[in-house]
Structures are given as C-alpha cells and as structure tokens.
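Here is a short briefing on one protein chain. Please keep the sequence and the structure at hand while you read.

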Amino acid sequence: SDCTAECAACVFSGLSFSHTPGDIYLGGVFDVHGQGRGVFDCGMINTEHGFQLLEAFHYALQQVNSKQGMFANILNGVTLGGVGLDACQSAIRGGYLVSNINNGLTTLVRDGRMISPEQIDVYVGPYSSDTSIYLARILTDLKIPQISYASTSNTLQDQFFYPYFFRTVPADDKQVLGTLSYLDANDLRYVQLLYSDDSYGNQGVAQFDKQRKNFDICVAQRVVLPESGIVSEESSDDVVVSLLQKPVANTVVIFAGTDYIRAFLKAVERNARAVQTFKFVGPTTWGDRESVTFGIKGVGDNAVTFVLDFQGSVGGFLDSYLWLRNPNNAKNNPWFEEWFQYVLNCHTSPSNAAQYIRPCDPNANLETKVIEDNGVLHVMNAVYSAAFAVDATLKQKCGGNYG
C-alpha cells in the first residue's frame, strides 16, 4: 500500500521472515540488520550478534526435531517450528512486529499456508535489554513466555512486572561484581562512571553504586551520554571535556551500548590530552566486538572488557550447518543471500554488480570467512529451554503419551 506518512501497517505489509515448518512454533526476534534512519527502518546487514544468531535459532530447531540425544524422548509426534523476525536494533520495530502478528494486523504466510499466532507458544530473544523490556510488556499482556539470549538488565528480574521473562545469560549485577573485583584486584580506587540514559546504563550505575562500598571504590563523577539513538560528535566531545575535569580519576568505567561507546572513543581520539589520560573498563556490549574500535588508533587498545562466559564453539553449527549453506539451499532465510554477498564481497546476480563487482563462486567456501559468534550458544540454549518447556506443558495438559 502507499502511505503519505510512515505507519506500522505500511511498514510491515509483505513482512519478510525466516522459517522452519512445524506444528508448534517459536518466534525468534533478532537484529539481522542494524537500525536505519527511522525506528521502523533497517540499515546494513548486522554480522555481529545479528544474522548468525538467527541461523543458530534454526539450527537449534533442526537439532530438536532430529529426536536424537537429549531430544529423543520429548515432543513425541510434534515438530517444533520457528519464525525469525528482524527487529533491526529497534525496540519499537521489534515490539510492533510481535504485537501486529498477535493481533492479526500482520499475517505470516509461507508456501501457501498461514501460520496462526496461536501456534506461537514462546518467543526467543531479543538481544538488547531495552528491546526485551519493550517486548516483555507486550508478551506479559499476551501471557506468552519470552527467553532472551543476551538481555542482561536487572530491571527484567522483577517477576511482578515481567513474570513471563526468562534468559540464558546472567544479569548485570554479575557483570558489575566482575568489574568491581577487577578494580579491587588492581588497586584502582578512584574512577569515573560513563553511562547511557537508558535501562542498561542506569541499571549498571545503580548496581555499581550498590556494590562498590564492599570494595572501597570511590566515584569522582558520573557522566551521562545525553542522547538516545544516533550520537553526535558535538555531544561526544562534550563528554570527553567533562571527564577531563577529573583527570586524577583516569579509569573510566562504561555502561553503554556499542554506538555510544564507539562515538565516545572517536571523540577521545580527537583529543590528544584524553588519549594520554584515560584507560577504560568496558561492558559486555563492548566485549570482543572489533567494530567498536575499528579504525580508531591508540584508543581502547589496552581497555579491559567483559564477555559472557563461553567455552569453545558449538559442535556442528559451523562445519555441519552454516559453512554448508548457500543461496540455493538456504531459501528458508530471506536475508541469507544478502549476508552471503556481504561476507564474500561478491554478487550473486548482475543486479547487485554495482555494490559487489566480483561474481560469487557457486562453490565458495565460507570456512575461511566466518567464525562462530559467541552468542550462538546462548541462542541454542534458549531454543532448547523452550523445547523442554513446551514438552512439559504438553505432558501436563495431554498426558505423558501425547503425540
């Protein structure tokens, strides 16, 4: 349809989604793309904690439906399906996607068959805490469980407001405890706190203040990143100037998302005095993301950052699944070809030759180009948890011999 102004009904007409067929469905909410200019718009393909996690969602469903190993005696006679949605790093978009599907404004049709919202028993995701909070309010009203694979905000621990929310990662109070333990062990007693004015940032600072007295850590000042959304150079430069007012407190502890952190580090790079003064302790949102410091010289090289506990790769995900997929055998994922071209820097059709000059080799090997995202394990654990929960519910309602 044509709109004179942006509206949800127009944005989500002809909605794209990835699909694993089944009798009972999980809804998956992922950031396959970055956010575009508007809250409903999508930007570039997201290769960090985005596209690959969607693929892990479908791989986990494949494992469940294999009926082997720990899945041999669950979901008897029942296939677990999945619908993968792209929130594009926007809490509002993610919320509208789920809300519109469940109130019938958006219909999901694949291979001529409609997927009823009543078939979706659990939602897996999303990544960010702010999007999870937004979505949890909707799903609480609908009484649909939600299992996040990455949202760490302590706000979501409130079972009164979020009784249907679960997660496969620890909450921020554990990250704060790790931060304070590091500061204490290295005798860093005088710090500044830099945080974003959102749930993640505010909760991080609140937890830091709550726990720091046990470690004899003093805070010189708290500096808030003033904007939500796109961060300007001017505001980032102002933040650096504020921090330089307390140069003795040269350790800066950060609670913010990647866009904020990258903009801030670029502002530090522009200020020679700041480059020489500060060292940083970064959150899991920074972690091991190369995109945060890519192209920024001399800043953040010696930063200490935290990542979620991850022991090795998930057996089979890369070598038995993702590395073997290509645009011809990955038709269940409407964004696979876009990701494939981006990763290999080639085009699959002449219509994309303007963006990627070299044609793709149909037998191209992804093994040398793709390493496993450290969020894969947490996505798969979310799917597995949902599978066992659905099985337990079926046994409770239908008896142990259902199927």
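This is a predicted model: local features need pLDDT of at least 70, side-chain atom pairs count only at pLDDT 80 or more; totals for chains, interfaces and linings use all residues.

Is S148 buried or exposed? S148 is buried, because its relative accessible area is 0%, and the cut-off for buried is under 20%.

**Confidence**
- The chain has a mean pLDDT of 90. Of its residues, 94% reach 70 or more.
- Residues 1-11 are an exception to note: the pLDDT there is below 50. Beyond near neighbours in sequence, this stretch makes 11 contacts in the model.

**Strand β8 and its partners**
- Strand β8 covers residues 120-124. Four of its five residues are buried, which leaves the strand mostly covered.
- Strand β2 (residues 24-30) runs parallel to β8. Four bridges join β2 and β8.
- Within this pairing, Y25 stands opposite I120 of β8.
- Strand β9 (residues 146-148) also pairs with β8 in the parallel sense, over two bridges. Here V124 has I147 of β9 as its bridge partner.
- Helix α4 (residues 129-142) belongs to a β-α-β unit with β8 and β9. The unit is right-handed.
- In a regular strand, side chains alternate between the two faces of the sheet.

**S148 in strand β9**
- S148 is part of strand β9.
- Its side chain reaches two backbone atoms. One is the oxygen of P126, at 2.8 Å. The other is the nitrogen of S151, at 2.9 Å.

- Where does Y162 lie? Y162 sits in the loop between β9 and β10 (165-167).
- Y162 counts as buried, because its relative accessibility is 7% and the cut-off is under 20%.
- Which residues does Y162 contact, leaving aside neighbours within four places in sequence? They are I133, A136, R137, T140, T155 and L156.
- Y162 and D237 are 75 residues apart in sequence. From C-alpha to C-alpha, Y162 and D237 are 38 Å apart in space.

Methods: Residues are numbered from 1 along each chain as its sequence is written. Side-chain values use heavy atoms; hydrogens and water are left out. pLDDT is the predictor's confidence in each residue, from 0 to 100. Contact means heavy atoms within 4.5 Å. Buried means under 20% relative accessible area, exposed over 50%, partly exposed in between (1.4 Å probe, protein chains only). Two strands pair if DSSP finds at least two bridges between them. A crossover is right-handed if, with the strands pointing away from the viewer, the path from the first strand over the helix to the second runs clockwise. A polar contact is a pair of N or O atoms within 3.5 Å; within protein, one must be able to donate a hydrogen and the other to accept it, and residues adjacent in sequence count only if both atoms are side-chain atoms.
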